[in-house]
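Let's take a walk through a protein model together.

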Amino acid sequence: MPPSIPRPLLLRFRLLVVASLAGIAGWPRAAAIGVNWGAASSHPLPPPKVVELLKSNNVSRVKLSDADPDVLRSLSGSGIAVTVGVPDLMLRTLNSSRKAAESWVHDNVTRYFPAGGPRVRIEYIAVGDEPFLSSHGDQFYPYVLGAATQIQAALTKANLGSKVKVVVPCSFDAFQSESNLPSEGHFRPDINKTMIQLLTFLSEHRSPFFVSISPFLSLHQSKNISLDFALFKGTARPHNDSHRIYKNSFDLSYDTLVTALYNAGFPQMEIVVAQIGWPTDGAANATSVIAEDFMKGLVDHIHSKTGTPLRPRNPPLEVYILSLLDEDQRSTSAGNFERHWGVFTFDGQAKYHIDLGQGSRKLWNAQNVEYLPSRWCVVNNNENLSNATANVLDACSVADCTAVSPGGSCYNIGWPRNVSYAFNSYYQQHDQKADSCYFGGLGLITTVDPSTETCSLFSRNQTEELQVYAVAGNASIDDAEGRISAEEDRNSTYNHMKEHSLLYQDLTKHKDEDDFSYEECDGTCCCVTEEEDVEAKFAKITEISSLSGSGEEEERERQHVPKACRCLTFIYAFEDPTSVENSIIFSTRAGPVLQARFPRMPAIVLGSEREKLYVWTERTADCSVLDHPVWSVYTGIHPNNKGLKVL
């Protein structure tokens with residue numbers, strides 16, 4: 001252990017020694033810039049698309065939060081340098097078991113170094129994900145050194161010790177300065193002993209020190225940090241520390257760490273900034289505009305190779321942006337902004353411009369992303385909303401509602417739009433399943449985008465089989481694109497509907513089952529009693545022009561209909577919808593649903609008359625129960641509902 005330095009030494013002399021040892025003479029080097037690729041997303045982009053995104057933007061380095069085999073396979077042969085993560089929860093096991101460490105290295109490292117053929121360019125194994133974070137207490141850090149030692153031994157045994165380095169990511173709060181000046185930097189007292197042991201291990205194996213630096217959090221936690229100072233603005237008031245001038249928050253934090261390393265006896269330890277970024281939502285000053293300013297300032301500063309006052313011409317070895325994509329399942333214990341670090345949205349669309357390696361050209365977005373249909377779940381304003389808050393809390397306990405938190409982009413949309421946001425977030429996270437928009441009867445599915453200029457309610461990216469068939473006049477259905485075309489006549493259209501109808505197939509298949517008998521019924525429902533009636537009854541349903549939607553018709557809806565009946569339900573849709581509230585209103589037909597028989601229930605738009613759309617929904621309902629609307633009816637038509645004719 002290096003001898004401690006006597007306190008009486010002059011501060012200026014100490015800083016001169018730090019600078020002379022850390023900033024060894026030589027040509028200034030350029031720091032490599034990479035990105036963090038996290039896994040905490042409910043609807044992650046397929047790994048091959050993410051690798052395409054990385055390559056198209058010339059990103060040469062990526063840091064992973066875990067060792068997902070699909071992700072690693074997609075990186076094989078890409079040439080991208082990879083840091084593989086070991087989750088915090090594995091540290092205790094790896095610390096105590098040599099066999100567990102060897103098994104982990106074999107499964108997650110060795111297998112990607114084949115004797116021949118393409119391989120994954122794994123350069124680092126990051127043991128833990130910020131295990132020194134103060135909020136974790138002593139839950140993880142006591143096992144860090146043991147786990148790192150076991151992994152290193154397993155790498156050596158696999159003849160990879162010289163090819164892959166073991167590192168430990170350290171959190172931004174692992175080091176501190178009570179005065180907020182770099183000259184007073186030191187590691188937290190509770191982890192200082194373990195940190196010195198870790199630094200000794202890293203030094204022996206010539207591994208760098210991985211650390212998170214967060215100017216965004218410094219801005220929110222310190223009254224002495226201004227926004228301009230955090231954003232590398234030339235107009236920011238500089239900070240003076242023993243005649244050393246600090247013009248930005250990054251240099252201030254970085255040199256605080258440099259001093260902490262010096263005080264621990266490791267003044268020449270190389271540094272890798274493992275995480276640094278700026279969120280775009282979920283808090284004050286978290287916007288895409290401010291994030292772009294920060295990122296531009298950071299990249300320009302790194303590319304300038306000037307280093308910092310204590311390490312001039314000696315910038316960090318590497319810098320990893322937090323993060324590549326938004327992650328809607330990240331922990332929000334530190335703040336709601338945690339789910340909005342991405343340079344790209346969850347579906348790979350750039351939020352702003354940053355030079356990740358592609359130079360002056362704009363960022364290239366992810367291509368050919370597959371989305372769910374354009375449907376949203378909103379609150380039904382015609383219902384009693386007295387219990388809406390409880391439903392919102394339930395939805396937000398599972399889904400991501402951080403954008404409607406204070407400081408978020410959707411915070412000011414007001415009641416009841418914030419209820420719609422919560423409902424829709426839950427609905428999209430559950431892949432637009434009909435029952436995920438129920439909320440005690442308060443939810444309503446719409447094809448009209450309820451987003452505003454400042455608040456977007458996304459449809460999630462997820463492959464899904466086409467479930468909606470729309471028919472207009474002599475139109476047929478283009479399955480490949482889900483659009484209306486007019487290439488076939490009415491008979492082929494009808495046959496197409498019949499061919500794809502779960503109802504028609506079910507009537508034919510299950511007619512004779514004792515537990516699913518069919519009875520003749522009145523009103524807008526049509527049931528089958530004889531096998532030969534299947535064709536006739538299905539045809540009868542399509543004869544919707546005789547339905548007037550009058551008071552008499554609505555009265556017939558109130559009559560009891562056996563659960564086995566398939567009901568013709570309809571939607572009122574105004575020709576020129578101007579708001580979510582009046583654009584689509586479902587009829588009051590519904591009740592308990594036999595989900596077991598119809599787990600997927602598409603709807604067929606059979607036609608319309610002026611302001612009315614008639615929809616055949618393949619769903620079984622008890623029409624005597626009028627308190628709960630049917631929410632599984634989808635239209636799949638163009639928003640203004642014009643141009644449809646009655647079949």
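We begin with confidence, then visit some aromatic rings and end at a serine.

Keep in mind that this model is predicted. The protein chain has an average pLDDT of 74, and 66% of the residues score at least 70. Over residues 1-26, the pLDDT is below 50, and this stretch has 35 contacts in the model beyond near neighbours in sequence. Residues 461-647 also have a pLDDT below 50, with 381 contacts counted in that way. Where pLDDT is low, the predicted coordinates should not be read in detail.

Now for the rings. The model has 13 aromatic pairs. One of them joins phenylalanine 187 and phenylalanine 209, a tilted pair with 6.0 Å from centre to centre and 55° between the planes. Phenylalanine 187 lies in strand β7 and phenylalanine 209 in strand β8, 22 residues apart, so this pair links distant parts of the chain. Both phenylalanine 187 and phenylalanine 209 are buried.

Tryptophan 278 and phenylalanine 294 form a pair as well: their ring centres are 5.1 Å apart and their planes meet at 35°, so the pair is tilted. Tryptophan 278 sits in the loop between β11 and α11, while phenylalanine 294 belongs to helix α11. Tryptophan 278 counts as buried because its relative accessibility is 0%.

Finally, find serine 65 in the loop between β2 and α3. Is serine 65 buried or partly exposed? Its relative accessibility is 31%, so serine 65 counts as partly exposed. Among the residues that serine 65 touches are Trp37 and Gly85.

Conventions
Residues are numbered from 1 along each chain as its sequence is written. This is a predicted model: local features need pLDDT of at least 70, side-chain atom pairs count only at pLDDT 80 or more; totals for chains, interfaces and linings use all residues. Side-chain values use heavy atoms; hydrogens and water are left out. Helices (H or I, at least four residues) and strands (E, at least two) are DSSP runs, numbered from the N terminus. Buried means under 20% relative accessible area, exposed over 50%, partly exposed in between (1.4 Å probe, protein chains only). Contact means heavy atoms within 4.5 Å. pLDDT is the predictor's confidence in each residue, from 0 to 100. Rings of Phe, Tyr and Trp (its six-membered ring) pair if their centres lie within 6.5 Å; planes under 30 degrees apart count as stacked, over 60 as edge-to-face and the rest as tilted. Lists of a residue's contacts leave out its neighbours within four places in sequence.
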